[in-house]
Amino acid sequence: MPDEELDRVAAALKSLDPDGQKTGLVLRQTLDQLYDGQHTGRYRWDQLYKTEKTHCGTLVEINLHRRFEFGDGVVMDYCIDGVEVDCKYSQSIGGWMIPPESMGHLCMVVSADDARSVWSLGLVRIADDLLTGGGNRDGKRTISAEGRTNIHWIFQNAALPPNILLHLRETDVARVFALKSGQKRIDEIFRIAQGKRIGRGVIATLGQQDDFMKRVRGNGGSRSRLKPEGVIILGGYVEHQRIASGPGQKSCNEFARL
């Protein structure tokens with residue numbers, strides 16, 4: 001049946017982020033924040049402690065709140081276009097834990113799969129017949145498979161900015177991490193991941209120092225060190241984007257882009 005509040009919230013979210021790129025970046029940054037690769041060298045979900053995985057939902061809620069400046073809810077997490085909205089995150093579709101106090105309210109369900117580089121976000125009005133039976137000791141239940149058909153997907157399997165370390169051969173990643181210095185590890189990732197986007201989180205994880213981006217720049221960083229090998233490292237500058245989109249560049253596989 002029609003849900004005017006759901007439609008209003010969906011329209012507000014699409015207005016704030018028409019193509020989903022802002023949300024995707026928030027989720028990428030949240031995962032990197034949780035891995036804390038700069039200090040730990042971690043880059044995969046299975047390297048996290050159980051308590052850290054549980055904390056991910058709180059970080060997603062906070063970071064989306066900050067990025068889009070949602071209003072504070074009175075009983076739920078957010079107030080979007082005058083509507084109370086709860087926010088629930090799960091790494092897998094269907095893993096959201098719905099508390100009793102969400103009953104009757106709109107819930108923003110969010111999921112991100114780092115290994116597949118996809119994320120989804122939808123809205124659903126929580127009702128008893130959408131949830132599984134039983135529940136944990138806090139009374140939280142998940143949305144049943146049938147109940148998930150009631151989710152209004154705003155973004156489904158959208159592109160998550162990739163964590164390139166999850167898409168390389170394990171032997172290549174092991175070889176990179178075996179190198180003793182951060183500079184050598186960063187040089188090597190640009191050699192073996194040419195033609196791919198390498199994000200700041202990966203550079204932080206490999207550099208493991210405060211000014212990790214210094215190891216990418218010219219004047220001693222990877223840009224100048226790898227130039228004699230024919231590896232061009234492009235960033236977000238307008239001129240770099242022009243070079244990357246030039247004739248033949250997408251297929252020549254001669255650049256790695258931050």
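This is a predicted model: local features need pLDDT of at least 70, side-chain atom pairs count only at pLDDT 80 or more; totals for chains, interfaces and linings use all residues.

**A helix pair and its surroundings**

Modeller: Start with the contacts between two helices. In α5, Asp-172, Arg-175, Val-176 and Phe-177 meet Arg-185, Glu-188, Ile-189 and Ile-192 of α6. Helix α5 covers residues 170-178 and helix α6 covers residues 182-192. Their axes come within 8 Å and cross at roughly 155°. An angle over 145 degrees counts as roughly antiparallel, so α5 is roughly antiparallel to α6. The crossing is right-handed.

Now move to helix α2, residues 21-35. At 1.5 Å a residue, its 15 residues should span 21 Å. The end C-alpha atoms are 21 Å apart, so the two values agree. Its buried residues include Thr-23, Val-26, Leu-27, Thr-30, Leu-31 and Leu-34. An α-helix has 3.6 residues a turn, so residues three or four places apart point the same way. The buried residues of α2 pack against α3, α4 (50-68), β3 (83-90), β4 (106-113) and β5 (118-125).

After α2 comes Asp-36, with a positive phi near 50°. Helix α3, residues 37-40, holds Gln-38. Gln-38 has a relative accessible area of 19%, so this residue is buried; the cut-off is under 20%. Beyond its neighbours within four places in sequence, Gln-38 contacts Ala-204, Thr-205, Gln-208, Gln-209, Asp-210 and Phe-212. Its side chain reaches the backbone oxygen of Gln-209 at 3.0 Å. Asp-7 lies 31 residues from Gln-38 along the chain, and their C-alpha atoms are separated by 41 Å.

Notes: Residues are numbered from 1 along each chain as its sequence is written. Side-chain values use heavy atoms; hydrogens and water are left out. Helices (H or I, at least four residues) and strands (E, at least two) are DSSP runs, numbered from the N terminus. Buried means under 20% relative accessible area, exposed over 50%, partly exposed in between (1.4 Å probe, protein chains only). Contact means heavy atoms within 4.5 Å. A polar contact is a pair of N or O atoms within 3.5 Å; within protein, one must be able to donate a hydrogen and the other to accept it, and residues adjacent in sequence count only if both atoms are side-chain atoms. The expected span of a helix is 1.5 Å times one less than its number of residues. Axes are lines fitted to C-alpha atoms, for helices over the stretch in contact, and angles run from 0 to 180 degrees between N-to-C directions. Angles under 35 degrees count as roughly parallel, over 145 as roughly antiparallel, 65 to 115 as roughly perpendicular and the rest as oblique. A crossing is left-handed if the near helix is turned anticlockwise from the far one by less than a right angle, and right-handed if clockwise.
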